[in-house]
Amino acid sequence: MRFAIVRSSAPGCEPNCPEWISAEGTIEAGTPTLLKRLLKTLGGRQLPIVVNSPGGNVDAALQLGRMIRKNKLDIAVGTTEFSGCSPEMKNCRDNDSKAAPYSGIAYDSGAMCNSACPLMFSGGVRRVVGEWAFLGVHQITTTYHREKLLYRTTYKIVNGKKKILGTRIVSRKNAGSYKTFEMSKAVEKRLSAYLREMGIGQGVLEVMKATPASDIRQIEPDDMLEMKLVTSLDSLDIMTAGSVCRRDPPPVNCREIPAGARPVEVATAEANPASASLQVEVAPPKEAQDMRFVLVRGSNPLCNPDCPEWISAEGTIVAGTPDRLRELLDTVGGRRLPLVVNSPGGDIQGALAAGRLIRERRLDVAVARTDFLDCDPGATECIAKDGLHTGLTIDAGAECDAACAVMIAGGSKRLVGADAHFLVHSMGMEEKVRAYLEEMAIGSGLFAAMQSAQYAKHRELSQDELAKFGLATGRQSVDALTGATICESSPKPDNCRVLPSANAEAEAPAKL
């Protein structure tokens, strides 16, 4: 889990905007230390925590909950969409007009707080879970590690008797490990006492005990309210919406920054293999990357074990993009997986070839981005289990610009949600592009819209225009192709797949 301080980038909120702490990722043993360090940088300011986590270490979650309660912080389940710099972009500092480390918008759509995360969540003074967020629990998994120890004992004989002088361990060998999937009486007693300490009903513990470790039980909003797990049925907007600072008096997480004020340093805390210390650095913005294709399986607990899968396509279209897509498609054995595209455009020739390949394979497409929950596929040490990363799709903040429109046109179904951005401008190879769009049965209005916008000035198309031009085949968001419940429909979509039982067992969480 990494922590970052965020200031709302909602239009019109400046100069007095809400700020919060974004908490994303798995709870590890060192996570409480990271939060403690970040809180020290706030000088006593009480910022709410917006958390999105699949769970993790139980002891660490209890420490986090107590730390949150001690500092009198509110908490909400949500995820932060960063504007400009983000914590993953090392040394980035492109929002110097704002006196805040990062800027962004908080959403509850698709966010989760599962497994051990509700224990951390319980520490909040105000606790909210919006209707589009998920909070789930299950039984505790405890892993026991065995070690074979070899001792060396020194002694001497005194009056015919052995007198031990000292004993020390000279070697340790791993003797295997085993897991238990039920909480012990001691653990149950400790969790029960913690929940009472936080003013949470014991019903939470009963649901945990009744749900197998291999499953997740989502708790419904009314039940959470009855269990006192949430303090109201509000969403995180009551803490992070751009308009909250207009109240009188404004909430404690609002901070007014006069125009032209000097920005403060970036504050973020994240797990680092070399060091867990606070990172404060400055560097140029992240460069655009060539389009990469990644196989992804939905990680929403509501779909388990029959979950949708898709291909994440992110980055700039280049000449080699069609070949990379073809290589990936050849590995999926003819399965028709939808393409989730987020791209600033790029090479026209590459976009034409990619679009024809998409049409040849009869693939559906949607403009959206993928939030990876296991690790970032671009990271060196990120290895997908069984070739599949886990993640969630969201159209908020996604874009399809310039040549990307040409690539999208090849899709059988073509979806652009209300929160995604679709921009066009004039481009070269006019005759080839015009002929291609006719081949894909796209109306001439799209080509005219492209040519009407100067190259340096993008024109954003509305959903009405996309439908009128015949580019978008529907107004649904990406959820129509990747949502948690689509595998329950009949007939079942081609991109749904139940993992083999051996796989499911291997991927069962090793900790709560």
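A nonpolar core is taken here as a set of buried Ala, Val, Leu, Ile, Met, Phe, Trp, Tyr and Cys residues joined through side-chain atoms within 4.5 Å, where buried means under 20% relative accessible area, exposed means over 50%, and partly exposed lies in between (1.4 Å probe, protein chains only). The model is predicted, and therefore local features need pLDDT of at least 70 and side-chain atom pairs count only at pLDDT 80 or more, while totals for chains, interfaces and linings use all residues. Residues are numbered from 1 along each chain as its sequence is written, and side-chain values use heavy atoms, with hydrogens and water left out.

The largest nonpolar core has 52 residues, of which Phe3, Ile49, Val51, Met120, Phe121 and Leu191 touch the most other members. Helix 2 (residues 58-70) gives the most to this core, with seven residues; helices (H or I, at least four residues) and strands (E, at least two) are DSSP runs, numbered from the N terminus. If residues up to four places away in sequence are not counted, Val51 touches Met1, Ala23, Ile75, Ala76, Val77, Gly78, Met112, Cys117 and Met120, contact meaning heavy atoms within 4.5 Å. A second, separate core holds 51 residues, including Leu337, Ala354, Leu363 and Val367.

Charged side chains come next. Side chains of opposite charge can pair when their charged atoms come close, and a salt bridge is counted where a side-chain nitrogen of Lys or Arg is within 4 Å of a carboxyl oxygen of Asp or Glu. A search of the whole structure finds 22 salt bridges. In one of them the side chains of Arg7 and Glu19 meet at 2.8 Å, N to O, and this pair links distant parts of the chain, with Arg7 in strand 1 (residues 2-8) and Glu19 in strand 2 (residues 16-24), 12 residues apart. Arg7 counts as buried because its relative accessibility is 1%, and Glu19 is likewise buried, with a relative accessible area of 1%.

Another salt bridge joins the side chains of Lys209 and Glu188, also at 2.8 Å, N to O. Here Lys209 belongs to helix 5 (residues 203-210) and Glu188 to helix 4 (residues 185-197), so that the pair links distant parts of the chain, 21 residues apart. Lys209 counts as partly exposed at 31% relative accessibility, whereas Glu188 is buried, with a relative accessible area of 18%.

In a further salt bridge, between Arg324 and Asp290, the closest N and O atoms are 4.0 Å apart. Arg324 lies in helix 8 (residues 321-330) and Asp290 in the loop between strand 14 (268-269) and strand 15 (292-298), so the pair ties together parts that are 34 residues apart in sequence. Arg324 is partly exposed at 37% relative accessibility, and Asp290 is partly exposed with a relative accessible area of 41%. Salt bridges that share partners also join Arg7, Glu14, Glu19, Arg45 and Arg255 into one network.

Rings of Phe, Tyr and Trp (its six-membered ring) pair if their centres lie within 6.5 Å, with planes under 30 degrees apart counted as stacked, over 60 as edge-to-face and the rest as tilted. By this rule the count comes to one aromatic pair. The rings of Phe82 and Tyr102 have their centres 5.8 Å apart and their planes at 75 degrees, so the pair is edge-to-face. Phe82 is buried at 13% relative accessibility, and Tyr102 is buried at 3%.
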